[in-house]
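These are my notes from a first look through one structure, kept in the order in which I looked things up.

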Amino acid sequence: MRRHLPSLAAFALALLGAGLAPPAARAADLPPLLDDPGAPTRLEPVDDGGLGVVKKEEPKEPEPEPTPAREWTLASLHSRYVTVPGFLLDLLFDSHPSYQNVSFGLGYEWGSRDDTLWVVELDWTPLTPDPGNWLTAGDPPAGASYADSGLQLISIDASYRKYVNLADWFHWFIGGGIGLGFLVGNVDMAEVLPTCTEPVERCAHWRVATSEKADLPTRVIPILHLTTGFQVDFGDSGMVRLEAGLRDVLYVGLTAGLAL
């Protein structure tokens, strides 16, 4: 009987050890296999407190920083050749002098040189055609009138310019705006002699007898401004702009601006 005691004790200890040992892991409890076994992996803690195999994430490339808007504010000075072409005057008059002159003005500009710009301009335009005879379309030659204009148009307008970059320093633009103009000065008028015949532009007029100041219907007129052209930037210090358009009269000219 004594010889069996060590065997029974060893058997009891074996049963006790089997009861205390953790159960073998089942296949269902193992972390799932990765779809891509060749991908870089590492062991990391998982939700149940053990270790699991997770797929290594690729580092994300940093997003490019947006290009800052190139905003600026300028003071500008412009000079323009202004005209009303003869073919437009021909629509209203059978005989007329020619009109061309030079205008000057100042501007204040602000916005983005790469996108949009706002411009406020103060302008002086002489409305002074050559002195001569004007014959309304359909009237007889004796119905012509002599006119010597001393009118000056002083105006202010605000316009919006849209820019298209051809290079960082070279742009094409188009824009438009509205404003108000004020007419100062007068137009001296006189009738031509009743013996006037073709060509009307050579007819003489009364020097004193019929001389008078033209009765202007208004001295306040609307300004319509349409413009297009090209602009060259000189770094951040300023620009020069070649432009053409309509500002009640047709024009082509240059604008120079200095950054403030």
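I began with the nonpolar patch, to which strand E5 (100-112), strand E6 (116-127) and strand E9 (151-167) each supply at least two residues; strands, E, are DSSP runs of at least two residues, numbered from the N terminus. I noted that this is a predicted model, in which local features need pLDDT of at least 70 and side-chain atom pairs count only at pLDDT 80 or more, while totals for chains, interfaces and linings use all residues. Residues are numbered from 1 along each chain as its sequence is written, and side-chain values use heavy atoms, with hydrogens and water left out.

I then looked up Ile156, which lies in strand E9 and is one of the residues that make the patch of about 570 Å². Ile156 has a relative accessible area of 41% and is therefore partly exposed, a term for values between buried (under 20%) and exposed (over 50%), taken with a 1.4 Å probe and protein chains only.

Next I followed the barrel, which eight strands close in the order E3-E5-E6-E9-E10-E13-E14-E15 with antiparallel pairing. The twist from one strand to the next averages 25 degrees. I checked strand E3 (residues 71-83) against strand E15 (residues 249-259), and found them antiparallel over ten bridges, where pairing requires that DSSP finds at least two bridges. Arg80 stands opposite Gly253 in E15.

Last, I looked for disulfides, meaning cysteine sulfur atoms within 2.5 Å, and the count came to one. Cys196 and Cys203 form it with their sulfur atoms 1.9 Å apart, and both cysteines are buried. Their link is right-handed, with 80 degrees about the S-S bond.

Notes
Patch = residues over 30% accessible without salt bridge, like charges linked within 9 Å, V, L, I, M, F, W, Y side chains within 5 Å. Areas by Shrake-Rupley, 256 points an atom, 1.4 Å probe, with all protein chains shown as cover. Salt bridge = Lys/Arg side-chain N within 4 Å of Asp/Glu carboxyl O. Helix = DSSP H or I, 4+ residues; strand = E, 2+ residues; numbered from the N terminus. Axes fitted to C-alpha atoms, helices over the stretch in contact; angles between N-to-C directions.
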